[in-house]
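Have a look at it first, then read on.

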Amino acid sequence: MIKNYFKIAIRTLWKGRGFAAINVVGLSVAFCICVFLFLTAYRQLTFDSFHEDRERIFQTYFFSNDPEGAKRTGSMPMPLTPALKEEFPEVEAATRILTGKSTLITYQGRYFDKLVSKTDADFLKIFSFPLLKGNRESALLNMSSMVISKSLAEAVFGKEDPIGKQLQVGNEGSQQTYIVSAVMDEIPDNSSIRCDALIRIESIAEYQDQKDDWEAYSHPVFIKVAPGIEQGALEAKLKPFATKYFPAAIETLTKKGATPDERGDRFAIRLQPLADVHFDTQISGGKGAPIAVVYAIIGIALFILLIASINFINLSIARLFTRMREMGVRKSMGAVKAQLFVQIWGESLLVCTLAFTTGFMLALNLVPTFNATFDARIQVTQLFQPGFLAVMLGIFVLVSLVAGGYPAWKMARFNPIEVLKGKITTERPGILRNSLIVTQFAISCLLICFTIVARQQINHLRQKPLGFQKEQVVSIPVGNRANGRQVLQRLRNQFANDPAVLSVTGSGVNLGRGKDRVSSRATLGFDYKDKEVVTDWLLVDYDYLKTLDIKLLQGREFDPAFPTDSVNRVIITESMAKAIGNSQPVGSYFETDTAGTRYQIIGLVPDFQLYSVAEEARPITMHLSASEPINYVFVRVSPNHLAGTMDKLKAVWREVAPASEFMGSFLDENIDNWYRNEQALTQIFSLAATITILLSCLGLFAIALLVIEQRTKEIGIRKVMGASVSSVVYLLSRDFVKLVVIALAIALPLAWFGLQQWLKQYSYRIEISAWVFAGVAAAAICIALATVSYQSIKAALMNPVRSLRSE
């Protein structure tokens with residue numbers, strides 16, 4: 001019997017191969033896109049999930065119920081971790097993780113730029129990164145111990161055993177010797193913690209200055225609580241701890257008028273579960289992925305799958321009319337409902353299986369293309385992970401049961417007597433089919449609206465006044481194997497008489513995200529006239545304002561003619577002047593509580609964008625320093641000499657910094673990299689909108705074809721009675737356009753509400769124009785008309801004699 005069912009299914013599909021092809025193509029494309037989107041979401045949702053006891057691991061963060069808005073930060077002071085371990089037996093282990101820019105590692109005259117994290121001995125007790133060599137309990141016990149990754153061990157030592165070997169860590173003049181005590185396996189791609197090596201935080205030079213400083217926030221802290229300890233209970237015990245060690249912060253908030261939140265806190269130390277760390281961009285300083293984006297990706301995948309399933313259901317139900325007599329004959333010959341259901345559902349299962357297999361193979365072959373387009377970092381092996389395969393198998397079963405089962409159930413319920421009499425053929429299309437078409441176009445219009453507004457918002461962010469000129473400026477990371485100040489001076493000497501180079505300067509921080517992918521931030525907090533002031537502490541060099549074309553509002557720029565500029569002179573932004581309450585700050589002084597140094601303000605400039613909009617904007621204070629390293633060089637070139645600029649700079653770089661790789665990039669490219677997440681999201685929305693509208697049109701085309709086939713005799717009669725071609729086309733198109741209008745009435749208000757909520761996360765955002773919705777509505781109606789018009793016109797032009805003979 002099963003063999004016969006299979007033969008009948010093949011014959012039936014071949015007979016209606018055009019509609020079968022539409023179903024297979026639609027479902028296979030939907031499955032392929034869903035595989036990519038679900039893999040992207042799966043990777044995000046499984047971040048840090050490989051750690052043992054992950055439910056007992058938390059990151060600490062500060063909560064401040066500031067009157068200007070509640071604030072949360074994950075940056076902690078050095079003495080916090082030892083105090084937590086000493087005063088709370090509930091804390092089984094605690095570790096600090098200080099990771100900045102890459103560090104120079106030296107071995108037998110060879111140099112390696114690697115990411116070295118400074119941490120505590122408890123690091124390997126909290127995180128279960130596997131060790132290939134060495135003992136987990138003793139790997140970081142000694143101050144000179146060093147744990148290196150597998151890739152670093154292979155790069156440095158080759159096939160030699162690295163255990164016990166010595167490595168020099170740091171730049172020339174500040175190198176320290178460490179002994180390799182363990183080799184760690186490669187950190188998984190879905191880990192929030194990234195590093196190439198681990199050393200003890202107590203061994204770094206600045207530790208002694210910061211170990212008792214409760215006001216210098218510099219690093220995240222992770223703790224592992226004892227079994228059975230609840231997060232809420234430990235947070236309640238941390239309240240007196242915060243009062244004990246952070247009285248100044250609480251006093252400052254009280255003076256500002258801060259009131260306790262719903263948990264009774266003005267200032268508190270709270271815990272973030274490890275599972276949520278990756279999704280909390282506020283605590284991580286803009287890193288990670290917002291959970292809303294992950295849910296949006298899952299939602300888009302489900303929308304696409306839903307639209308393809310709607311096509312499948314609509315076509316299956318529409319084709320019932322061509323098979324009703326067949327079902328009537330089978331029932332009259334003794335076939336029961338279950339047999340008919342199995343036969344018809346088997347045909348649907350065959351289509352779904354073919355589509356699923358095709359979609360999966362497409363995804364398998366398109367992984368490199370998807371990664372290159374969306375920077376998704378998906379690996380082919382993830383397609384075969386048990387968890388992901390279970391999800392996709394569940395989706396396949398659900399689509400097969402619902403999309404294939406419903407039409408089979410409906411067909412099996414037909415009354416054979418009514419079917420053979422032909423009565424059921426007079427039924428008009430039901431509410432279900434129309435509802436599904438409305439749902440299709442509503443989803444499509446919703447995604448198109450989101451795509452258009454998201455693109456407008458990104459363009460708006462790109463065009464936002466930065467406070468400096470990003471064009472014609474090249475940013476060059478100095479690297480760890482060169483002295484930034486020496487390189488800067490050599491470049492100035494090289495280009496002193498070159499008309500192609502207008503100015504050269506240096507800084508401790510890059511603007512945008514360059515080729516080294518490093519982003520660092522130094523802040524300074526102090527009390528000024530009973531007010532807490534927090535400012536970005538920006539190291540610059542001479543000609544910084546000139547190179548970036550930042551206009552002075554008051555005072556002067558740093559000048560080599562004034563030797564004291566490099567000691568205690570600063571240039572501040574307008575928001576810094578507002579923070580200290582002085583609209584005419586040039587010539588005035590401020591003193592920090594920590595260092596006790598009096599800084600004189602010599603210049604005032606407008607606010608400018610030092611970091612991306614995803615990070616908190618702070619006032620900026622620029623200073624010179626003879627001891628702090630210059631990490632980046634900025635070169636402004638003449639607009640008349642842009643051609644060949646990079647080649648010239650690269651050639652000069654080989655002379656002034658032969659040991660350091662040239663990684664120059666234009667500043668406008670770096671700034672664009674700030675909005676990489678938004679760009680990726682917009683690309684996904686664009687892809688989804690395109691696929692959904694194509695699938696919707698494909699389904700609408702097929703439904704229009706079937707409807708016109710069912711109304712062939714009616715069309716012939718109307719033409720015989722004198723109906724014109726235009727009136728027939730209008731009659732056939734009218735019902736479909738009505739459905740699109742209903743879809744628009746549902747989608748546009750939802751789109752407006754959702755976009756308003758999404759835009760709230762940006763302080764600098766667009767106003768949504770009504771023309772966006774008007775354009776989407778017009779485009780949807782035109783697309784629907786174009787889809788059904790071909791078949792409508794073809795039917796209207798048909799010879800009425802042939803139309804009447806068709807039945």
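Which residues have the most contacts inside the largest nonpolar core?

1. Keep in mind that this is a predicted model. The largest nonpolar core has 123 residues, and those with the most contacts inside it are Leu27, Ile304, Phe468, Leu538, Tyr544, Phe608 and Met622. There's another core lying apart from it, made up of 25 residues, with Ala83, Val91, Val225 and Phe246 among them.

2. Leaving aside residues up to four places away in sequence, Phe468 touches Leu511, Leu548, Asp549, Ile550, Phe608, Gln609, Leu667 and Ile671. One of these, Phe608, is also listed with Phe468 for the most contacts inside the largest core.

3. Now for the surface. Leu393, Val397, Leu398, Leu401 and Val402 make up a nonpolar patch there, and together they have about 460 Å² of accessible area. Val397 belongs to helix α13, which covers residues 386-412. Is Val397 buried or partly exposed? Its relative accessibility is 39%, so Val397 counts as partly exposed; the buried class would need under 20%.

4. Last, a sheet. Four strands form an open, antiparallel sheet, ordered β17-β25-β16-β26. At its edges stand β17 (501-507) and β26 (665-666); each has a single partner strand, so one side of each is left without a neighbour in the sheet.

5. As for how β17 is held, 6 bridges join it to β25 (residues 632-637), and the two strands run antiparallel.

Methods:
Residues numbered from 1 in each chain as written. Predicted model: local features only at pLDDT ≥ 70, side-chain atom pairs only at ≥ 80, totals over all residues. Heavy atoms only, no water. Core = buried A, V, L, I, M, F, W, Y, C linked by side-chain atoms within 4.5 Å. Buried < 20%, exposed > 50% of the residue type's maximum accessible area, 1.4 Å probe, protein only. Contact = heavy atoms within 4.5 Å. Patch = residues over 30% accessible without salt bridge, like charges linked within 9 Å, V, L, I, M, F, W, Y side chains within 5 Å. Areas by Shrake-Rupley, 256 points an atom, 1.4 Å probe, with all protein chains shown as cover. Salt bridge = Lys/Arg side-chain N within 4 Å of Asp/Glu carboxyl O. Pairing = 2+ DSSP bridges.
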